[in-house]
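Here is a short report on one protein model. Start with the sheet, then turn to an annotated residue.

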Amino acid sequence: MTPTTASNFSTADHAYMAEAVQLAERGRYSTSPNPAVGCLLVETPPSGASVIARGWHQKAGEGHAEVNALREARELGMTLSRSTAYVTLEPCSHQGKTPPCAEALVDAGVARVVYGMQDPNPQVAGRGLTRLQEAGIKVDGPLQEAACRALNPGFIKRMQTGLPRVFAKMATSLDGRTAMQSGESQWITGPDARADVQKLRAQSCAIITGVGTVLADNPAMTVRDASLALPDQRPRQPLRVIVDSQLRLDPDSRILHEPGDVLVVYGQASNERIASIAKTGAETLQLANDDNKVDLSALIAHLGQRQCNEVMVESGAKLLGALVAEQLVDEIFWYMAPTLLGSDARPAATLPFAKMNEQIRLEIIETRQVGADCRWHLKPKYLPAMPEA
């Protein structure tokens, strides 16, 4: 369909879509593998507009934003013949675990639909908008597309490429160090930064770490902040993925016995080692490259096939460096503490560059202060090697 020009949207349209975006944000930590979506139903009688109902997608397999808003309107006894639905994402047109939302809006008799962005899902991709128009509903959009796209970057990438959005979390000193040479690392950053990392974990479908980190730190890699869960529920735990080429993992490692699923990926291992890990309840998967190490590109593709939208990397320098070197990291959240650990301390990433033209420049998306620390949101610029001067 032909996009609606910006001048055709009123101030009220912008305000209502902004509220729909805020509604969608509530599902950031719980909707995976579905996108976070918000919906606002507004009646426009001659006397002026008024909000009829609000809805947002809370959890995969349950009602979508439009359905939840329509249910609230019905419970209030509201009629929708003069209403506008503001939806952050094009209403779906296919039958999934729930009925198509486009059909629900048609059946409800809404007069107009304003959408934030077209659905990147090939099963929808404009079909929902066409169904609405065929039913005589006025359709306008996209509106505030950038804000609506920012709600679901991982879902959009997976729909378009089959791969998840991969972002790495780093916590370092000002001189780029993650631990003392002895391995001592707690704590470089402060409690506010660590709380912020909990939010990154909570929005992730999977967390990748390496066996070296597990053996050295015995981490849990879980979401522990109860405020990041739906009411009366525990936080959704991302799949914990351990990269362990030779399957050196200790079956008693804490990460294997915390709530949530675990995937241990290896390159080469004995049947005895595989069985010892399987006994913990963890899933094992062989993804070997020519050197019998874990094929990292195949791992990212596998996580996309598992419907992972957002994949977080919390690992040591070796694994992070390998992922960056293979251009598998889309973004980096770098927490930097105003402290110096010295030249003998451990680096954040192992990238043994020897020439200036091997460097990887980073685009600064955002910087903010988090407590006493600074958080850099960065995007690697994977450009061809620059010629030497």
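## The sheet

In which sense do E15 and strand E16 pair, and over how many bridges? E15 and strand E16 (residues 373–381) pair in the antiparallel sense, over nine bridges. Strands here are DSSP E runs of at least two residues, helices are H or I runs of at least four, and both are numbered from the N terminus. Two strands pair if DSSP finds at least two bridges between them. Glu366 has His377 in E16 as its bridge partner.

Nine strands make up an open sheet with mixed pairing. The order is E11-E10-E9-E8-E12-E6-E13-E16-E15. Strand E11 (283–286) and strand E15 (361–370) are the edge strands, each pairing on one side only. From one strand to the next, the twist averages 25 degrees.

## Basis of the model

This is a predicted model: local features need pLDDT of at least 70, side-chain atom pairs count only at pLDDT 80 or more, and totals for chains, interfaces and linings use all residues. Residues are numbered from 1 along each chain as its sequence is written, and side-chain values use heavy atoms, with hydrogens and water left out.

## The annotated residue

The UniProt annotation "active site", from an unreviewed entry, covers Glu66. Such annotations may be inferred rather than shown by experiment; positions follow the numbering used here, and feature names are shortened. Glu66 is found in helix H2 (residues 65–75).

Glu66 counts as buried because its relative accessibility is 3%. Buried means under 20% relative accessible area, exposed over 50%, and partly exposed in between (1.4 Å probe, protein chains only). Beyond its neighbours within four places in sequence, Glu66 is in contact (heavy atoms within 4.5 Å) with residues including Cys39, Cys92 and Cys101.

Key
Axes fitted to C-alpha atoms, helices over the stretch in contact; angles between N-to-C directions.
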